[in-house]
Every structure is written in structure tokens, then in C-alpha cells.
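Let's take a friendly look at a protein and the small molecule that comes with it. Have the structure open as you read.

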Amino acid sequence: MVKKLEAKPTVTIRGVALFQGLLSPGEQVRIVDDLRDVARDAPFFRPVTSRGQQMSVRMTSAGAVGWVSDRRGYRYQETHPEGGQWPPIPESVRAVWARVAPGARAPDSCLVNFYAETARMGMHQDRDEADFDQPVVSISLGDDALFRIGNLTRGGKTESVWLRSGDVLVMGGAARLVFHGIDRIRPGSSTLLPEGGRINLTLRVAR
Ligand code: SIN
Ligand code: MN
């Protein structure tokens, strides 16, 4: 089958391009299946911030490098915190990047965040990467999440949008370094994950 290449955003908020409903139910199931293999090889862990605070999400990665956070700070590294390399980024996931960021370099890192009922993500910028000309692509799977978009500096007015399973968003160009976060998820709003909750995949060119 010839895959539909180069999707068009359904809405753009503060330069963040949102592709609502981009992934079909079948594509979502395929990606979740592939993520089970990733999590078997690179188990989810609960990161702490440099101040020693537990983050509420559980995370793991695929790709040449994975994003980790511990008492030494945030960084990309070639190994899982418990040792061993990260598994490759599944083809089902790399295909999404090709549709929404066709001109960009190939991603070398895919962060996998799991949000249980009460997990959230504070406002932050994605700025641990070497080349801010490369976009960040984010895939939502499972329960709905309230995504907040701020400004290029901390604070100021924000806008929020509910992300649903199968939505994809791109932070690129002038919006590459926009502050963003997840205020809350809506438990039970999706049946994609049998155990409930939400998975967010963040694809990046880290190096
Ligand atoms: C993140 O920015 O790290 C996660 C965003 C999301 O979960 O949608
Ligand atoms: Mn982020």
C-alpha cells in the first residue's frame, strides 16, 4: 500500500502544529504492540529530578540515545539507567515522523512516557538537543490529556488543548522552544491501553 505522505495539520496553536486523529485505530494498536517489545528490552523506570523529586510519569526510550533524569541532571545517554543499549525506534513510529516532518533529519531518540491516572508534566522546554532547527514530534496514545502551550520564556498567558489518542503534534520552527506541559489526563477516556492511562512518544533529533 502506498502510505499517505506529508500530512497537513488540522490546527496550529502558537506555532505548534496539531494533527488531530492522524493515526487510525489500527496504527495505534500496532504502535502499542511495538512498544511492548521496547518496554521488555528497556523497562520503564521512574525518574527523579536533579533535586531528588520523583517525576509522576514512568519512562523509557528507544533509539541511539535515551533521555534520562537523575540527581546528576537531565541528559541524553546511550544506555538505560540499569545498563544495556536502548532498543531501536520501531518502524511504525518512525513512519509517523516521516509524515509530519518530511524535511527533517531522522530522529535518534524516542522518549516513551507513561501517565497513570494522576500523572502530569510541569511546564518546560525541550532544550537538551544539539540542533534546535530539528522539530520535536509528539504522539498521543490512550487516555485524553490536557496539553498547555505557553511562550518562549517561562510564564505569561497560555492556551490549552485536549490531546486524544492518535493525535500527533509538532513543535518546530519558531515554536521549537515553546514552554509546554500536561496538566492532567482524563482517566477512562480511551480503551486503547487495556491497563488504562496514557502513553506519549516524543521523537527528537538529540545529537
Ligand atoms: C513532554 O513534553 O515531555 C510530554 C508531552 C506529552 O505528554 O504530551
Ligand atoms: Mn516536552
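## Around the ligand

The shell around ligand 1 is made of 3 nonpolar, 4 polar and 1 charged residues (Ala, Val, Leu, Ile, Met, Phe, Trp, Tyr, Cys and Pro count as nonpolar, Asp, Glu, Lys and Arg as charged, and the others, Gly among them, as polar). This is a predicted model, in which local features need pLDDT of at least 70, side-chain atom pairs count only at pLDDT 80 or more, and totals for chains, interfaces and linings use all residues. Residues are numbered from 1 along each chain as written, chains are lettered from A and ligands numbered from 1 in the order written, and side-chain values use heavy atoms, without hydrogens and water.

You can find N113, Y115, M121, H124, H180, I182, R198 and N200 surrounding ligand 1, each with a heavy atom within 4 Å of the ligand.

## Oxygen partners

Which side chains have an N or O atom at 2.5 Å or 2.8 Å from an oxygen atom of ligand 1? Y115 does at 2.5 Å, and R198 at 2.8 Å. A polar side-chain atom of H180 is 2.9 Å from a ligand 1 oxygen. The protein covers 96% of the 260 Å² of accessible area that ligand 1 has on its own (Shrake-Rupley method, 1.4 Å probe).

## The whole protein

The protein has 2 helices and 13 strands (DSSP runs: H or I of at least four residues for helices, E of at least two for strands, numbered from the N terminus). Along its principal axes, the C-alpha trace spans about 45 × 40 × 35 Å.

Strands β6 (109-115), β7 (121-124), β12 (180-186) and β13 (198-204) each give at least two residues to the ligand 1 shell.

Definitions and conventions. Polar contact = N/O pair within 3.5 Å; in protein donor to acceptor, adjacent residues only side chain to side chain.
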